[in-house]
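Please look over the sequence and the model below before reading on.

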Amino acid sequence: MEYDVIIIGGGPAGLTAAIYATRGGLKTAIVEKQSAGGQIALSSVVENYPAAEKMSGFELAMKMMTQAESFGAEFIYDDVLSVDYNEKAVALASGLLLKAKTLIIATGARPRLLGLDSEARLTGQGVSYCATCDGAFFKGKTVAVTGGGNTAVEDALYLKNFAKKVYLIHRRDKLTAEKALQNALFNSDIEILWNKTVNVINGENKVESVTLSDTLNGEQINLALDGLFIAIGRVPQTSLCKELNLDGQGYVITKEDMSTEFKGVYVAGDLRQKPLRQVVTACSDGAIAAASAIKYISEN
Ligand code: NAP
């Protein structure tokens, strides 16, 4: 099957690229592993995307998807096995081989892991990376969130809707979350455990407690918990980008027009090296990448 553009990844960057590409007259396929929406679909509420005040991330993503579909974008739900950047060919797990004149890679980022032995074993048994998905399982229980950025604070506030007790565990004595979120946190009854790292997650078949270490004096304490939500940032999903130019942290380096060193190949969204990773900047990247693809096709 031959397209003008194949977009890999159905988060805000990919969906916006699809809206701009289809409106620009390109035959557009968007390949997504699971369901469209990406990371934002896991956000309980989005307060800083213009005019989407108080909308859930899922609702916002679904609106973008419907919009892309209404302009004719074709959604393909499949896993991408490999990408040939020279041939602009995308091999899918189902055996399909897609070809296009241009490619837009918008595979986003995934949660960073703590890297503890017990973490994988207890994931889904009290360890979670998504408060919006799993929060409701902890009604009347005691939970903790670890991290100090926007996600951790948002998650802790969201979990207050269900849990009887919420802790926020952070490795320093300052948060990086934006001020509005910090104010909401400080005005809640969430207990903040400063200067602590999670050393061990205890429990055979489900989370029972965590062992925390004080980063200042090394003191260890045990904290009884039913659930631990890990919100310590994201890592770019660049397994398909090994041939592209990556920075020291693994983000793809692009030009301002989202182009890469391969002609007709663009990268948009959270996997790019950039100063701010938000829905609005992902959408901006997607729009620019699609405009660049349209220009490339018209000139070649
Ligand atoms: P983040 O901003 O990168 O924050 C990561 C947090 O985890 C930091 O507090 C960091 O501590 C801590 N951390 C990192 N590695 C750790 C480790 N190994 N052990 C313990 N703690 C660790 O990540 P994020 O909150 O997931 O946000 C990701 C991006 O999405 C950001 O750009 C954020 O602004 C954006 N976002 C925006 C919104 C919103 O605007 N509503 C909501 C969610 C996310 P240190 O500070 O000590 O490094």
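A polar contact is a pair of N or O atoms within 3.5 Å, where within protein one must be able to donate a hydrogen and the other to accept it, and residues adjacent in sequence count only if both atoms are side-chain atoms. In this predicted model, local features need pLDDT of at least 70 and side-chain atom pairs count only at pLDDT 80 or more, while totals for chains, interfaces and linings use all residues. Residues are numbered from 1 along each chain as its sequence is written, and side-chain values use heavy atoms, with hydrogens and water left out.

A polar atom of the Thr28 side chain lies 2.9 Å from the backbone oxygen of Leu26. Thr28 belongs to strand β2 (residues 28-32), strands being DSSP runs of E with at least two residues and helices runs of H or I with at least four, numbered from the N terminus. Leaving aside neighbours within four places in sequence, Thr28 is in contact (heavy atoms within 4.5 Å) with residues including Tyr3, Val5, Ile7 and Ala18.

Ile7 is among the residues with the most contacts inside the largest nonpolar core, which has 35 residues; such a core is a set of buried Ala, Val, Leu, Ile, Met, Phe, Trp, Tyr and Cys residues joined through side-chain atoms within 4.5 Å, and buried means under 20% relative accessible area, with exposed over 50% and partly exposed in between (1.4 Å probe, protein chains only). To this core α7 gives the most, with 8 residues.

Turning to the ligand, one of its oxygen atoms is 2.9 Å from a polar backbone atom of Gly148, and an oxygen atom of the ligand is 3.0 Å from an N or O atom in the side chain of Gln278.
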